[in-house]
2 protein chains.
Amino acid sequence: MPNISQRGLDMPASPIRKLVPLANRAKAKGLKVYHLNIGQPDLPTPAVALEAMRAVDRKILEYSPSEGNLSFREKLVKYYAKFNINVTVEDIIITTGGSEAVFFSFMACLDPGDEIIVPEPAYANYMAFAISAGAVIKTVPSTIEEGFALPSLERFEELITPKTKAILICNPNNPTGYLYTQKEMNQIRDIVKKYDLFLFSDEVYREFCYTGAPYISAFHLEGIENNVVLVDSVSKRYSECGIRIGALITKNQQVKENVMKWCQARLSPPLIGQIMAEASLDTPEEYMLDVYNEYVERRKFLIDGINRIPGCYSPIPMGAFYTVAKLPVDDADKFCAWCLSEFEYNGQTLMMAPASGFYTTPGLGKNEVRIAYVLQKEELGKALEVLAKALEVYPGRVI
Amino acid sequence: MPNISQRGLDMPASPIRKLVPLANRAKAKGLKVYHLNIGQPDLPTPAVALEAMRAVDRKILEYSPSEGNLSFREKLVKYYAKFNINVTVEDIIITTGGSEAVFFSFMACLDPGDEIIVPEPAYANYMAFAISAGAVIKTVPSTIEEGFALPSLERFEELITPKTKAILICNPNNPTGYLYTQKEMNQIRDIVKKYDLFLFSDEVYREFCYTGAPYISAFHLEGIENNVVLVDSVSKRYSECGIRIGALITKNQQVKENVMKWCQARLSPPLIGQIMAEASLDTPEEYMLDVYNEYVERRKFLIDGINRIPGCYSPIPMGAFYTVAKLPVDDADKFCAWCLSEFEYNGQTLMMAPASGFYTTPGLGKNEVRIAYVLQKEELGKALEVLAKALEVYPGRVI
């Protein structure tokens with residue numbers, strides 16, 4: 001039997017997926033499991049999207065253009081303009097989810113051995129796509145004590161080598177919920193400019209900003225227009241993760257041409273998904289407002305609840321629908337597994353994502369978990385109660 | 001401005017796509033362009049698939065499992081059993097089109113520098129995925145004179161090096177329409193066994209076999225069950241290229257585990273596409289028979305027509321819906337471009353795929369084109385007339 005690839009062996013297992021078998025066993029035992037681990041919103045997909053799907057009257061579901069449907073891209077131009085992101089249809093390439101946009105960015109801009117600097121904790125799959133591209137991720141740790149603020153310029157500069165080719169940020173941030181300030185974004189701009197790097201900016205949580213502070217897109221930064229590759233997705237915005245539609249947006253002509261080669265190799269993004277995503281752009285304001293208000297309430301409820309549990313701490317996330325919280329435990333990986341395999345409270349338990357999977361620096365995030373507030377308040381309340389009980393009896397409790 | 005990736009510059013432009021701007025210009029001039037260049041069937045998507053899409057009554061279009069929906073995989077087990085391909089649900093991983101199955105096969109089985117032997121001409125995008133994976137494709141030329149039969153064992157063995165890791169075949173073949181015989185498949189099995197290689201077998205045209213000879217799947221070959229990675233897609237079978245659903249099938253436990261890491265990184269295959277593909281498996285026999293009969297008729301009509309044009313020759317393709325034909329021209333790339341930019345006959349012209357894009361050995365296929373019979377007979381007839389006229393006046397005609 002031939003050997004499989006070394007890069008496959010090097011690929012990290014998803015920090016969430018490894019708990020899935022335990023969760024399944026807990027459910028098989030009849031336990032109610034509160035899922036605080038996933039980034040799958042529980043809110044309804046907009047009716048306009050579902051109606052558009054049902055209204056498709058094509059006889060043949062043909063390949064769409066490799067760069068995506070023109071009508072969809074035209075509507076996206078108007079959508080971005082609302083956020084002061086001024087792009088043309090030529091700048092927008094539709095991808096199969098935001099995931100593909102990340103992957104194509106790496107393939108088109110980086111060669112094997114090239115380095116990307118990423119503030120950590122960071123979305124775990126960036127690492128997987130970097131391995132796919134043979135690129136190396138170097139992380140700058142941000143800390144819960146500083147509320148996951150952007151590390152200082154010096155910390156970035158320490159990592160710069162002749163191989164450094166890009167900086168990658170996620171703003172608003174998954175997993176921390178952090179929203180970069182104008183000052184922080186200017187710092188990123190300065191480094192990008194000084195060392196002539198690409199700036200990969202994952203902005204899929206754009207509409208989930210909960211403070212008065214403005215959302216600063218990488219495209220708002222002056223003087224680096226040709227360095228920016230923006231990653232987007234309709235998944236979270238419209239609660240339609242399953243349709244697999246994202247976008248890669250850049251004004252850099254060479255990057256566009258390069259990305260298009262990968263787009264052509266994989267032929268086209270999903271057709272029905274594009275039709276639904278296009279329709280989603282007509283989602284009434286009130287849907288977006290309802291969603292927004294729902295998350296604002298949940299955020300307050302969850303963060304207050306966590307901080308009320310002895311030994312727990314969560315900074316206030318300013319965007320997205322996650323927070324990284326510190327727990328009074330020896331090892332969050334063990335604790336999360338223990339919750340699913342050895343603990344129950346009134347027939348209930350909970351599943352969280354250990355934060356260690358979002359760090360690459362060994363030892364970091366050991367007592368942190370990522371908690372997503374994608375459950376209704378009542379469920380969140382019960383989950384918090386279960387968490388408090390679990391921490392009371394967990395054998396590895398510290399302090 | 002930072003440099004883009006070298007691998008992006010190395011990526012071949014699609015052999016078909018580069019003619020697209022010329023075709024668009026021809027259409028803008030008001031010319032009718034017969035598209036013999038694409039693998040997009042013109043036959044209707046099955047009604048059961050379209051109905052399944054319209055009947056989706058979910059409130060939230062969530063991520064589906066990374067390995068694909070279980071109900072779909074269960075039905076595929078039964079589908080494959082009809083072809084004597086005996087696999088379990090665990091052996092089947094749903095992908096975003098056959099393209100992703102090819103790419104994940106490479107990533108999971110090959111490391112940078114590993115070599116894959118492929119009979120040429122071959123589907124051009126294999127090359128793109130190999131470059132993505134850092135793998136090297138080495139081609140064994142098959143020739144139109146021998147009807148694109150599998151090259152001899154010796155020709156394969158000449159290419160074997162310590163880096164050789166896999167053989168890749170497409171059966172029935174795109175672009176040639178060739179169908180490998182039992183004897184040829186046994187030859188492949190013997191090499192795979194002798195050198196302990198992976199066998200990547202792209203069998204997306206399985207249902208388009210037009211001779212009495214049986215279709216031999218790589219899974220029918222004894223003794224190499226753990227070496228086979230089968231690539232499949234519903235695109236061509238059900239004329240639903242736009243839904244982007246394929247599959248990667250293997251009994252090799254290590255490969256499965258490795259592939260699943262990539263599946264998890266990209267989260268999930270398209271949900272609506274999976275629902276439609278699953279429904280498509282219930283397509284009535286008569287639909288498949290109608291499609292089959294249609295292609296059988298077109299094949300005869302097209303091949304007879306080509307061979308009737310002075311100086312042209314096409315072997316009889318035994319499967320798929322393509323043929324590679326030899327034309328009396330100096331350079332098929334030039335001829336195809338010329339047809340679109342300088343020629344017209346009664347307001348019509350045609351677009352074909354120059355075969356050079358399907359070979360990697362320089363100079364091969366220079367006077368060959370790939371012609372797809374995805375047009376109705378009447379249109380095919382007109383296209384053949386246009387082709388004959390074009391060849392009469394083309395300045396680079398030879399003989």
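Which residue of β5(A) is the bridge partner of I116(A)? In this predicted model, the partner is A166(A). The two strands involved are β3, residues 115–120 of chain A, and β5, residues 164–170 of chain A, which pair in the parallel sense over three bridges.

Let's step back to the sheet that holds this pair. Seven strands of chain A form an open sheet in the order β2-β8-β7-β6-β5-β3-β4, and the pairing is mixed. At the edges are β2 (92–95) and β4 (136–141) of chain A, each pairing on one side only. If you follow the sheet across, the twist from one strand to the next averages 25°.

Now bring in the helices. α5(A) lies across β2, β3, β5, β6 (198–202), β7 (228–233) and β8 (246–250) of chain A, and runs at about 160° to β7(A). α6(A) packs on the sheet too, where it touches β4, β5 and β6 of chain A. The direction of α6(A) makes about 150° with that of β4(A).

These helices also meet each other. Helix α5 (residues 97–109) and helix α6 (residues 125–133), both of chain A, pack at an angle of about 35° with their axes 9 Å apart, and α5(A) passes α6(A) in a right-handed crossing. From α5(A), the contact is made by S99(A), V102(A), F103(A), F106(A) and M107(A); α6(A) contributes Y126(A), F129(A), A130(A), S132(A) and A133(A). Sorted by class, this contact has eight nonpolar residues, two polar ones and no charged residues.

Terms used
Residues are numbered from 1 along each chain as its sequence is written. Chains are lettered from A and ligands numbered from 1 in the order in which they are written. This is a predicted model: local features need pLDDT of at least 70, side-chain atom pairs count only at pLDDT 80 or more; totals for chains, interfaces and linings use all residues. Side-chain values use heavy atoms; hydrogens and water are left out. Axes are lines fitted to C-alpha atoms, for helices over the stretch in contact, and angles run from 0 to 180 degrees between N-to-C directions. Helices (H or I, at least four residues) and strands (E, at least two) are DSSP runs, numbered from the N terminus. A crossing is left-handed if the near helix is turned anticlockwise from the far one by less than a right angle, and right-handed if clockwise. Contact means heavy atoms within 4.5 Å. Ala, Val, Leu, Ile, Met, Phe, Trp, Tyr, Cys and Pro count as nonpolar, Asp, Glu, Lys and Arg as charged, and the others, Gly among them, as polar. Two strands pair if DSSP finds at least two bridges between them.
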